[in-house]
Each structure stands twice: as structure tokens, then as C-alpha cells.
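Me: I'm new to this one. Could you walk me through how to read it?

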Amino acid sequence: MNIEEFNKFNNFIGYGNSCNPELVFFGLEEGAGQEDFDENLNYRINNLNTSCFKDLNEFHAHSEAPSSMRKWYATPGRIEIQRTWTRYCALMLSIQNGVVNRENRRDYQENMLGRLNGETLLIERYPLPRYNHNEWGDQLNVEGLFTGLQEYFNYCNNDEIRKNLIMN
């Protein structure tokens with residue numbers, strides 16, 4: 001990974017309406033399992049443009065994302081419920097006095113959660129899995145940008161960098 005690719009990847013912050021969301025969910029990482037880390041990394045580097053915010057559904061459903069990302073939106077009307085997002089959906093349904101059941105959570109995930117024109121914004125603190133998840137060992141290859149994973153995490157943990165991206 002060169003510095004341009006790294007900066008593009010590191011600028012990714014989240015999904016949804018960044019202008020006037022009703023609720024902002026602030027998470028710790030954009031997940032990736034050991035089995036598809038490289039595919040996920042390459043997909044994000046190759047498909048992120050200058051915008052820090054994406055449409056959750058569009059990013060996962062209408063792209064050649066890794067299979068682990070595609071499953072959340074693979075079949076419209078029959079998507080798989082994602083375990084973290086389903087909690088966000090239940091909270092939003094409760095706030096709106098909606099019925100909180102499996103199908104309504106699935107429908108909210110597919111059609112409302114993290115949409116650019118929607119009412120929610122999902123911000124990720126890091127663009128990669130957390131260090132203590134031990135999901136990716138020594139796979140981070142940034143061609144001399146960092147001496148190792150710990151230096152990368154120290155950089156990503158810089159609140160000023162992330163705060164400035166969000167403010168911009």
C-alpha cells in the first residue's frame with residue numbers, strides 16, 4: 001500500500017446522512033475477519049473516492065464487495081440481518097414508536113439504516129479491525145509507512161486527525 005492508498009482508506013469514516021442525521025452511531029471499527037481481510041482491504045482501497053461517507057446499502061449491495069460484506073444486502077427483500085446493525089435498527093424503531101420485530105429490523109436495515117438521505121449516520125473510529133481482535137496478524141503491508149501494526153494503531157488513535165475529518 002502506498003501513502004495515497006493509505007490516506008484514501010484511512011479517510012473512510014462511515015455510512016449515512018452526514019448533514020442532519022437524527023441519530024449518530026459511533027463505532028470502534030469497520031470489521032473484517034481473518035479469512036477475507038486482504039479482499040476487504042483491497043476492495044475499500046479501490047472503491048473509495050474522496051467522500052468520507054457512503055450509503056450503507058449501496059456500498060454493500062451494488063458493488064463487487066467481498067462476499068462477507070455482500071451478504072448483508074445480497075438479495076433485496078431477503079437480506080441477512082447484521083448483528084450490530086440490528087441493534088441500531090431496533091433503537092430507531094423504538095424511537096419512532098414502531099414495532100420492533102425481526103422483519104421490521106431487517107426492513108429498516110435494508111431501506112433506512114445508514115442511507116445518505118436517511119436519518120442515521122454510522123461513524124467508524126478506525127477503518128480497520130481493532131488491534132485486540134487479533135483478526136489479521138502481521139498482514140498489514142504499508143511499504144514502509146509504518147514500522148508495524150502498533151505504530152499504525154497509534155496513528156489511527158490520533159483524535160485530532162479523526163476529529164478534523166469529521167468536522168470537514
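Predicted model: local features only at pLDDT ≥ 70, side-chain atom pairs only at ≥ 80, totals over all residues.

Me: What is the strand order in the open sheet?

Reply: In general, strands of a sheet pair through backbone hydrogen bonds, either parallel or antiparallel. Strands here are DSSP runs of E, at least two residues, and helices are runs of H or I, at least four residues, numbered from the N terminus. Two strands pair if DSSP finds at least two bridges between them. The open sheet has four strands in the order S2-S4-S1-S3, with mixed pairing. S2 (23-27) and S3 (53-54) are the edge strands, each pairing on one side only.

Me: How many bridges join S2 to S4?

Reply: Five, and the two strands run parallel, with S4 covering residues 120-124. Phe25, for instance, has Leu122 in S4 as its bridge partner.

Me: How many disulfides are there?

Reply: A disulfide is a covalent bond between the sulfur atoms of two cysteines. The rule looks for a pair of cysteine sulfur atoms within 2.5 Å, and the count is zero.

Me: Is Cys19 buried or exposed?

Reply: Buried means under 20% relative accessible area, exposed over 50%, and partly exposed in between (1.4 Å probe, protein chains only). Cys19 is exposed because its relative accessibility is 74%, while Cys89 is buried at 0%.

Me: Where is Thr86 found?

Reply: Look in helix H5, residues 83-95. Thr86 is buried, at 12% relative accessible area. Contact means heavy atoms within 4.5 Å; setting aside neighbours within four places in sequence, Thr86 is in contact with Ile81 and Arg105.

Terms used: Residues numbered from 1 in each chain as written. Heavy atoms only, no water.
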